[in-house]
Amino acid sequence: CQVRDEATGGTRSDFAARLDYQLRMAGCQDIDILIGGSGSSSLGIGGNQLLERGGLLSVYLAVQYLGYWTETGQTFAPGHCNSGLRDGYRIAYDALRESLKKVRPGTRARDVVTARDFAKYGAGQGMGTDREERPFLLDANEELAESDVLTMRVSISPTALEEIFLAQMIVVTEGGYRLLGEQLPPELLAV
């Protein structure tokens, strides 16, 4: 799904329904979509709020495909965005990058979380045939192992009624990690 084509016009529920349809047509067996953004301090199942230019649109997807779960999340700006929102996005992006720098085999799972204050939805966990698997990054004493598949999350609220959410899938490798999927952009995308 191209968010750019879907991000304006209609409500958050309309957007979630269009996204769900596209994912099911692509063969996904199970789908969880949460939507947030301007006028909301948390992700939810949609709602009747209109998608408007100048605000935020946060999208969280957990999708099961061929028996395995994957997760991603990103915040977009329908239309344009102000410097405060761009700065908030950059803070979240930098926090995620700092956590990723700590990922390597032998590191305790909870020690990779740089920004505990930015973990409203948990900092992430293992993923595979179950949607949530060990290790859970905020509280796990266990060490990361090569080939662990993890989702790493960051969420911040630059204002009381806005939220920026990022989630990136990785696999732990001998030298650190490898991204699963595309690299999240370092700047807030206006769509």
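## A buried alanine in a loop

At 0% relative accessibility, Ala 109 counts as buried, although this residue lies in a loop, the one that runs between helix H3 (83-101) and strand E4 (124-126). In this predicted model, the C-alpha atom of Ala 109 is separated by 7.3 Å from that of Leu 138, a residue 29 positions away along the chain.

## Overall architecture

The protein is built from 3 helices and 9 strands, and these elements follow one another along the sequence in the pattern α-α-β-β-β-α-β-β-β-β-β-β. Of its 191 residues, 46% count as buried, while the accessible surface comes to about 9100 Å², with 49% of that area belonging to carbon and sulfur atoms. When contacts with a separation of 6 or more are considered, residues 24 or more positions apart account for 61% of them.

## Confidence in the model

The mean pLDDT of the protein is 81, and 79% of the residues reach 70 or more. Among the elements, strand E8 (residues 176-180) has the highest mean pLDDT, at 95, whereas helix H1 (residues 3-6) has the lowest, at 48. Over residues 1-5 the pLDDT is below 50, and this stretch has 9 contacts in the model beyond near neighbours in sequence. Where pLDDT is low, the predicted coordinates should not be read in detail.

Strands E2 and E3 run antiparallel and are joined by 9 bridges, with Leu 61 standing opposite Thr 72 in E3. The hairpin that these two strands form has 2 residues between them, and within this hairpin Leu 66 takes a positive phi near 55°. Ser 58, which is found in strand E2 (residues 57-65), is buried, with a relative accessible area of 0%, and its side chain makes a polar contact of 2.7 Å with the side chain of Thr 75.

Strand E3 (residues 68-77) has 7 buried residues out of 10, so this strand is largely enclosed by the rest of the structure.

## Helix H3

Helix H3 has 19 residues, which at 1.5 Å a residue should span 27 Å, and because its end C-alpha atoms are 27 Å apart, the model agrees with that expectation.

## Thr 151 and its surroundings

Thr 151 has its place in strand E6 (residues 149-159), where it counts as buried because its relative accessibility is 0%. The side chain of Thr 151 makes a polar contact of 2.9 Å with the side chain of Glu 71. Leaving aside residues up to four places away in sequence, Thr 151 touches Glu 71, Ala 123, Gly 124, Gln 125, Met 127 and Leu 137, together with Ala 167, Gln 168 and Met 169.

Technical notes. Residues are numbered from 1 along each chain as its sequence is written. This is a predicted model: local features need pLDDT of at least 70, side-chain atom pairs count only at pLDDT 80 or more; totals for chains, interfaces and linings use all residues. Side-chain values use heavy atoms; hydrogens and water are left out. Helices (H or I, at least four residues) and strands (E, at least two) are DSSP runs, numbered from the N terminus. Buried means under 20% relative accessible area, exposed over 50%, partly exposed in between (1.4 Å probe, protein chains only). Contact means heavy atoms within 4.5 Å. Accessible areas come from the Shrake-Rupley method with a 1.4 Å probe; for residues, only the protein chains shown count as cover. pLDDT is the predictor's confidence in each residue, from 0 to 100. A polar contact is a pair of N or O atoms within 3.5 Å; within protein, one must be able to donate a hydrogen and the other to accept it, and residues adjacent in sequence count only if both atoms are side-chain atoms. Two strands pair if DSSP finds at least two bridges between them. The expected span of a helix is 1.5 Å times one less than its number of residues.
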